[in-house]
Amino acid sequence: MDLAGSPRPALTARAAGLIGCERCGKVAPMGQAACGRCGSPLNSRRPGSLQAVWAWLIAGIIVYIPANIYPMLYTNTLTSRHSGTIVGGIIDLIEYGSYFVAIVVFVASVLIPIGKFVVIGYLAFAVRARAVPARRRRAMHRMYEIVEFIGRWSMIDVFVVAILSALVQLGSVASIRPGIAAACFALSVAMTMLAARAFDPRLIWDLEPADG
Amino acid sequence: MADAGGPAEMDVRAPRGANGRLSLVWLVPVAALAISLLIAWQTYSQRGPLVTIDFENAAGIKPGETELRYREVPVGVVEDVTFAADLSSVRVAVRIDKEIAPYLDSGARFWVVRPEVSTRGISGLETVLSGAYIEGTWDAQIEGTQVAFRGLDRTPFVRPDRDGTRVILRSADGGQVAAGAPVLYRGIEVGQIESPMLNDDGSAIIMNAFIEAPHDRWLTTATRFWDTSGFSVSLDSAGVSLNIESLAALVQGGVSFDTVIEGGEPVAPGHLFDIFTTEAAARESLFTTDIASEVLVTAVFEGSASGLSQGARVIYKGLRVGKVQTVTASLQQVGQDRELRLLAVLALQPARLGVSADAPPEETMFLLQDAVRDGLRARLTTDNILTGSLMVEFVETDEWPPRDIDMLAEPYPRLPATVSDVSDFQATAAGVFERINALPVEEFMTNAISLLANMDRLIADEATQEVPSRIVALLDSTTNLVGSDELTAVPVELDGLLRDLRGVVADVRDGGPLEDLTASLATIDRITRNVEQASVALPETVTRVNALAGTINDLPLQDFLTAATDLVTGLDELVATEGVQQLPASVTATVDDLRGLIGQASGFVGSDALQAVPAEVQGLLGDLRGVVAELREAGAVGDVASALDRIDRITANIELASADLPQTVARINALAATANDLPLEDLITTATELVAGVQTLVASDQVQALPPAVNAALTDLQALLQGARGFLNSDAVQAVPAELQALLGDLRGTLAEIRDGGAVVNLVSAIERADLIAADLQRASADVPGIVSEVESLAQMANDLPIEDLVRAATSLVTTAEGLVGSEEVRQIPPALAAALDEIRVVLAELRTGGAVENVNGALQSARSAADAVAQATNRLPQLSERLNALVGTIETVVVAYGARSDFNSQAVSALREIRQAADAVESLSRAIERNPNSLLFGR
């Protein structure tokens, strides 16, 4: 499907009056409801895709707010009790001089989720338009792939919290337990991933000018 | 496509109007929103109010971490730390749990718990690791919630929520009590002192004291606090006691309290108590405060009451019952006059008299009235002998007549008073100290030191060490000597010797012709010349003696005479005593007796028998003359002449010896010089003191008692004389002349017989032998010069003798004797003397009564028989002459033996040498005495 090098717009299944099965790839004539091979429902374009995208996206954004307000980690040691939010933790890390870790956490916990919100929102917004130049369409495809690929890595924060909480349980000497922000953050990541999955990339194809 | 089985049946359905309807997926963001909102709402709803607490500083406080705890449970977290508007304090914003917040009212206290180490222990140790936290405390009442507080600067010593009573203590000096010091009740810690601080005007220290709940019920208005800080050491008859209330009290100080009397009322929190310095003061203090129930009476005291001050104690049977409120002077009507008297107003505590404090004053007065009727009186007495302060004491005795309290006296009823019992200790003590001051302690110490030094030297001296043994040896020798047969035989021998000598001399006298006497005189003349030569040195001797006399003249004889005069005065007084006055009478009587005795003797002499005695003697002399004539005829005189020749030579020898006399005189001269140099002054001085001592002795009663004893002795003597008179009157004595006459007759007969017999011839031969004796004597006299030189060296020795030292020693001896005279023993001598006189009297009495006269009588009879024996013996006189002859021969050999290098000579020389050694010994003895005169007396 490498269309990048082709100046000519590719013929889409819909333009050809066909419907491609999204699971097994069998092409069926337009109007067929289910795939003759795998039985999965056939849609030329997934119905309600954008609605789902928007819904998951908004839910993810909503959950992301407490994930940043509430403490991510409660750290109890002999000498101190510390509760850190995501941003607070990043600032602490910078103050402690751990710039690399700070950057990693910042990228994973702040940059990527917010980037995803922005990208998904952009894609969902962009497909409603008509006649988008091919070059932009190709960028949109790339963005979609990146978002879908990278979405799972946003969970690295949650993994860290989960692992620390499980490992650092030394009674009164030191203990770490997850805060409510951890759950929110995990939800947020999950919802943005669902939002990304809910997006039907074939909608981008529809943005080709109808020249034929 | 149909050949191939035909295409699958088209399942064509109309597309669902997806774009037209809302998808169910929108439920997800709604749910997410709902959850978020739920979280937010929950957070907000659980969030309590933010309160601010101002602290002095924010040490250890971290926003977001530091907790606020209530009973060690976190109820809030510090959210922010800022400054107050004027930067005067740190404002800590604390988010309080919602449930707790309403309880925070004006009673809430907040402080920062930090590690703290104090004498009372270590607190807040857990905050070393966990960091400080804010502790808060408040009551359980929800009222007046507020959100701004002022935090305490430090941990309060008593948690505000503890039950108990907080009272205020006031002390003049806060140095003893530190914050947190314990409050003790009967030794148990029941509370704590909070921070002491100065009161507003800086005149006292005030401090809050918190008494914990079970114990604060002991706090009443009758409670007194006192300081038990540190430790107290008390010294009393029971010994030394060290009292430490508690270790904390030792370090931090502390106060104790007790309710000293019953009847106090419970106190409200914030009641002000004073801290007294001691428990005793605290207990005493009741009398200064319980003014309301005091009963005032007065007492008027005579005399000075300079030690009675306001506040002095009033005690009754040793118990304090009140105090002196005021001391004023008051004009009192005493008889006709008005006198200024001391009026003391006494404030009595009815409770101390056994009357309830609530009872009306009349009851107390009634009690006092009864007591006064039973003899109770007020009097001044010494409270403190050192300060001289006085107190009022109620004493009661049955001896005093019953009196009443003057109930109408102004200003208060008057108690009868009695004589003060005030001992002026200060004056007495001052007198004692003055006397002690006046004592010549310095001098005494100096003398004592020198005495000790002298004693030390003396005791350490070897000679001293040897003295006792020497004395013992001396005593032994003396005992042996006295007890020896030889000594006992000496008198007998002496007697015989004298008898022999008499015989010899008689012989010599009879045989001496005049010619030889002349030669002898010539020799004697030379001797005299020698003596004259010697006398040349005599002027010097005289000068010396003169100087000696001058020295003696210079002696402080005045003092001595004064002392002697005093002595004489004392003696005069003694003489003036009745006993002495009676002495002349006794003496007169004695003399009378003597006169009578003499008269009798005169009568006795005048008796016929005695008158005949001269005739007899005359006849006897005639016979003797005849004998001498015979002797002359018999050539005895020639023999005598030769004897005189010998004697002449003897005198020549003596002359030779006398040549040495000048030297001897010179020695004596030096001796006189030495004597001149003697420290006789000291001796006299000491003697003077001795005389003074004797005087005091004479003045003593015992000496006064002597005259009567002497008197009695004289009486006895008188009786004895009377006895003697009686003796003379006796027949036996009267018979003596006749006996004497007969004796003389016998003697005459004897002489006649001698003349007739060959006695004279024998005598001549005896004289010849005497001549030989003289020759021997001449030889012997050659040794006289040697003897003289020995004497001279002896004089030299005497000259060399440390007479000075001896005199000094004698002086000190006299000093000691003086002390001895003054001693108790010497005082007892007069009684002993009296006793001796008594004994003499007894002896005289025995003499009188014991037949002494008869014994004399017997003795005379024996003499008569002895005369008879002599008469018989003269019959054998020729035999006697022969024997005499033989005796002279013996003497001759004796004199020969006396010659040069004879035993006698060497014996004499050795005797002189021994005398010299004795002089040496005397010298060393005198030195020893000089070192310590007292040794003579004390035997060391």
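**Exercise 1.** How many of the 21 residues of H1(A) are buried?

*Solution.* Start with the ground rules: this is a predicted model, where local features need pLDDT of at least 70, side-chain atom pairs count only at pLDDT 80 or more, and totals for chains, interfaces and linings use all residues. Residues are numbered from 1 along each chain as its sequence is written, while chains are lettered from A and ligands numbered from 1 in the order in which they are written.

Next, call a residue buried if 20 or more other C-beta atoms, placed from the backbone, lie within 10 Å of its own. By that test 17 of the 21 residues of H1(A) are buried, so the helix is largely enclosed by the rest of the structure.

**Exercise 2.** Check the span of helix H1 (residues 49-69) of chain A.

*Solution.* Take 1.5 Å times one less than the number of residues.

**Exercise 3.** At what angle do helix H3 (residues 99-126) and helix H4 (residues 134-150) of chain A pack?

*Solution.* H3 and H4 of chain A come out at about 140 degrees, with their axes 10 Å apart. Now list contacts (C-beta atoms, placed from the backbone, within 7 Å): H3(A) brings residues including A:Ile112 and A:Lys116, and H4(A) residues including A:Met140 and A:Tyr144.

Notes
Helix = DSSP H or I, 4+ residues; strand = E, 2+ residues; numbered from the N terminus. Buried ≥ 20, exposed ≤ 12 C-beta atoms within 10 Å, placed from the backbone. Axes fitted to C-alpha atoms, helices over the stretch in contact; angles between N-to-C directions. Contact = placed C-beta atoms within 7 Å.
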